[in-house]
Amino acid sequence: MSGMSPEELNEKAVKILADIDAKGGVLKVSERLAIPAQEMPSQDPDTRRRNTAEVALGYSAAQARVEASRCLRCKNQPCVAGCPVSLPIRDFVAAIAANDFGQAIALIKEKSLLPAVCGRVCPQESQCQASCTVGKSLKDVGKAVAIGRLERFVADWERAQGQAPVPAVKPATGKKVAVVGSGPAGLVVAADVRREGHDVTVLEAFHKFGGVMLYGIPEFRLPKAIVSAEVETLRAMGVKLIPNFLVGRTRALQDLLDKDGFDAVFVGSGAGLPHFMNIEGENLVGVFSANEYLTRANLMRAYEKGRAATPIVEARKVAVLGGGNVAMDAARTALRLGAEEVYLIYRRTAAEMPARAEEVEHAKEEGVQFHLLRNAKRILGDEQGRVTGIECLRYELGEPDASGRRAPVPIAGSEFLLPVDTVIVAIGNGSNPLIKQTTPGLEFNKRGNIICDENGRTSLPKVFAGGDIVLGAATVILAMGQGRRAAAAINDMLSQA
Amino acid sequence: MNPTDYAILSKRQLSENVFMMSINAPYIATERKPGQFILLSVDESYGERIPLTIADADPVAGSISIIFQKVGLTTTLLAGLEVGDRLAAVLGHLGQPTHITKVGTVVCVGGGIGVAPMRPIAKGFKDAGNRLICILGARNKDLLILEDEIRAFADEVIICTDDGSAGRKALVTAPLKELCERTPRPDLSVAIGPPVMMKFCAETVRPYGVPLIVSLNTIMVDGTGMCGGCRVTVGGETKFVCVDGPEFDGLKVDFDGMIKRLQAYRSQEQRMAAESGEHQCRMRAQAELLEKKK
Ligand SMILES: Cc1cc2nc3c(=O)[nH]c(=O)nc-3n(C[C@H](O)[C@H](O)[C@H](O)COP(=O)(O)OP(=O)(O)OC[C@H]3O[C@@H](n4cnc5c(N)ncnc54)[C@H](O)[C@@H]3O)c2cc1C
Ligand SMILES: Cc1cc2nc3c(=O)[nH]c(=O)nc-3n(C[C@H](O)[C@H](O)[C@H](O)COP(=O)(O)OP(=O)(O)OC[C@H]3O[C@@H](n4cnc5c(N)ncnc54)[C@H](O)[C@@H]3O)c2cc1C
Ligand code: SF4
Ligand code: SF4
Ligand code: FES
């Protein structure tokens, strides 16, 4: 990135915008393609690696309008097909270009409940922006219209206007729906079902609501105030939110229907089961799942030393295993908690990394050291059982595997040692078996995910599911999309009953 | 009453550092079983979530009781709360219930605060028709808890203190060994207490082939199987204490690994507790004594 300050970026945009406005916003395709892609203003890497404030600062209004002016208004809208919830991208982007931010956010909200979240965390480069005509014409996905940033811009703009209007709720129907889990899938179901006038109760295992958006994704990427604002909107709509309620223990799922009088249950319990590598030394002191490390840091606020009662390891040299968003978040959190060296160990190459491109770039800028085509072989410890180092193997890429990616193959005899005091395992999450173990009749696949049809109907009557518990560890927007469809099916079922 | 209004309904001090409280928690009160536990926190924003065994429950009143020892920050803050105060969070009931069956003679060993989680399990075995022998261990007479309550249902009670101020001057492993040498041997043993005590109970019963159940008190965060912070090695496999346990086959647990993991945050916790004005470490003192005597 250029390292330009937000003020400089805005000034440049203001000039370009003056030209565009002089032409009344009517531009030729070649003129649109010539508008420079707007860079996201962000905190300086040296400053931000020591604070927890948000890294990306958001476009100014001028930048947003310039960026929106790059859109070619394609008739066939390939971008929309790339968005899991089919946002009317062309139209909301056009509204931004026309300086009608209110119209833009209204268009988005018809389809999405969480634009401020999705604009920040969607893997845009592999979804909406992947097929954008501008990116294609310029032969660089990175130069596609920055749809996510524009979405974020109008969502933030709306919040800055003050409390968004609480969505209207239809008269009470007397029907009761329980939503298990308060991640994006659950929140969307709660909103959509409540709107139809049904009585909705969200049951959440943690003491706070928001799922991974709260306990997993760090503040510097997704400010928690955004998530709590969405939760408060639900409360204002009359959704009941019950914390510290673990379905499968506090109550069995079937009892919610049979004893507690719920007419439908939606299960959005996420993918909460950390995978470990099953290598020697993995239970040493100083080895954490990313879930544990991030939960201590985010939900339990361990980074607020002196205030939080929950301790977190005081790591100096950290190895993070994995190449997804979770790994990036863990690595960057470790830096912010004072680590001197953070190594990211990933067994494939940068091209195969599942993390969002922006996060990889940010991690590099902040000083995370990437060890690609490497993998952990075992973790070494001292007499007190504390981690002292990690032995790794070098890998090379072989033939493509079942996923179509070239499979990494270890190179014999290539072991090397990295001295570290902390190892964070971020190689993915499976599905938490609790509901499976305690809900006879509910069908699961081999990987432990709930089996359901495209409308979220499971093998049990009145029980619906969606999000990571169905998809395996996926994305916020996919979870939201599934929630939407399940909510429609629930509303449908209740209207017929 | 509101099920998420975790009001403290009663409070009693059982010994210098041990307290018993009952808490409003109707969901948990009706469904919990012996061996299960809760996670609680005393502060919504900054509190730590700590695991405590459900010592008893009153389904009619919708309350559960806990018995805890002041050892660090959260238990000290908890001990400072009074009737009418409210906890920020109570999650439960967690863990697998004890597998209670009729086997014949059962010996239950409780060390220190471990007597509290042992009591509902011991009572469960008695109610299932077993002959029940309880061994209660403490550093001294004043730290002995729940003796009368356990005498009320056990067939035989053996008291051990480190200094001989009550019962025998011995570690709990001494009477346990004698019981194993009796004929007939106990059919099952249960040990709950400091990890070192459980470790030596395992070594004591192993040669006699008496099965041992232990209840592990690892460090926890979520209590739902999401973080893996509570993991232990049992029979060479990694297990999550909060969902797979807390009870395991004591002869298979890697206690040394577990003890090391329990100390992961020791220096930070001591700092936090020192800052909060109080620090006690009775469990560790007792543990060190056991190590020395071995
Ligand atoms: C560190 C991290 C970073 C990520 N980064 C991104 C990103 O940049 N972009 C992106 O799109 N996706 C990202 N993801 C993935 C994304 O967060 C998930 O796909 C999404 O949150 C799934 O939503 P969900 O509603 O299915 O479940 P979750 O968000 O997992 O929420 C499930 C909720 O259910 C609760 N729960 C579980 N079991 C029970 C029960 N039995 N009873 C009651 N409550 C229960 C849980 O406590 C939790 O609050 C990331 C994930 C992690 C862990
Ligand atoms: C399933 C389960 C059931 C439990 N039941 C009870 C109970 O009924 N009554 C009770 O008093 N305690 C019980 N414990 C232990 C209790 O959770 C800890 O004492 C508590 O977490 C300490 O919190 P703290 O903030 O006061 O102390 P901290 O400041 O966290 O720790 C103080 C000292 O205690 C040690 N410690 C920390 N956590 C534990 C632990 N889990 N076990 C043993 N030592 C620890 C540390 O090494 C530290 O030096 C149980 C633990 C588990 C896992
Ligand atoms: S919701 Fe996500 S995929 Fe859809 S347009 Fe927005 S950023 Fe793109
Ligand atoms: S594909 Fe790109 S250029 Fe075309 S409408 Fe969508 S955002 Fe605009
Ligand atoms: S406490 Fe997190 S998995 Fe057991």
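Student: I'm looking at A:Glu366 and A:Arg336 in this model; are they buried or exposed?
Tutor: In this structure, which is a predicted model, both A:Glu366 and A:Arg336 are buried.

Student: And what do A:Glu366 and A:Arg336 form with each other?
Tutor: They form a salt bridge, and the closest N and O atoms of the two residues are 2.9 Å apart. A:Glu366 belongs to helix H17 (residues 357-366) of chain A and A:Arg336 to helix H16 (residues 325-336) of chain A, so this pair ties together parts that lie 30 residues apart in sequence.

Student: Which residues are linked with them in a network of salt bridges?
Tutor: The network of salt bridges that holds A:Arg336 and A:Glu366 also links A:Arg48, A:Arg221, A:Asp329, A:Arg332, A:Arg356, A:Glu358, A:Glu359 and A:Glu365.

Student: How many salt bridges does the structure hold over all chains?
Tutor: Over all chains there are 48 salt bridges. One of them joins the side chains of A:Arg152 and A:Glu54, at 3.1 Å from N to O. Here A:Arg152 sits in helix H10 of chain A, while A:Glu54 sits in the loop between helix H3 (45-48) and helix H4 (61-69) of that chain, so the pair ties together parts that are 98 residues apart in sequence. A:Arg152 is buried, and A:Glu54 is buried as well.

Student: What about B:Glu147 and B:Arg151, where do they lie?
Tutor: Both lie in helix H4 (residues 147-151) of chain B, 4 residues apart, which is about one turn of the helix.

Student: Now the ligands: how many residues surround ligand 3?
Tutor: There are 13 residues around ligand 3, and the closest are A:Cys83, A:Cys122, A:Gln127, A:Cys128 and A:Glu151. Helix H10 (residues 147-160) of chain A gives the most to this shell, with 3 residues. By class, the shell around ligand 3 is made up of 9 nonpolar, 3 polar and 1 charged residues.

Student: Which residues surround ligand 4?
Tutor: Ligand 4 is surrounded by residues of chain A, including A:Cys71, A:Cys74, A:Cys79, A:Arg90, A:Cys132 and A:Ile147.

Student: Last one, which strand does E14 of chain B pair with?
Tutor: Strand E14 (residues 231-234) of chain B pairs with strand E15 (residues 237-240) of chain B, in the antiparallel sense and over 4 bridges. B:Val234 has B:Glu237 in E15(B) as its bridge partner. The hairpin of E14(B) and E15(B) has 2 residues between the strands, and B:Gly235 in this hairpin takes a positive phi near 55°.

Key:
Residues are numbered from 1 along each chain as its sequence is written. Chains are lettered from A and ligands numbered from 1 in the order in which they are written. This is a predicted model: local features need pLDDT of at least 70, side-chain atom pairs count only at pLDDT 80 or more; totals for chains, interfaces and linings use all residues. Side-chain values use heavy atoms; hydrogens and water are left out. Two strands pair if DSSP finds at least two bridges between them. A residue is near a molecule or strand if one of its heavy atoms lies within 4 Å of it. Ala, Val, Leu, Ile, Met, Phe, Trp, Tyr, Cys and Pro count as nonpolar, Asp, Glu, Lys and Arg as charged, and the others, Gly among them, as polar. A salt bridge is a side-chain nitrogen of Lys or Arg within 4 Å of a carboxyl oxygen of Asp or Glu. Buried means under 20% relative accessible area, exposed over 50%, partly exposed in between (1.4 Å probe, protein chains only).
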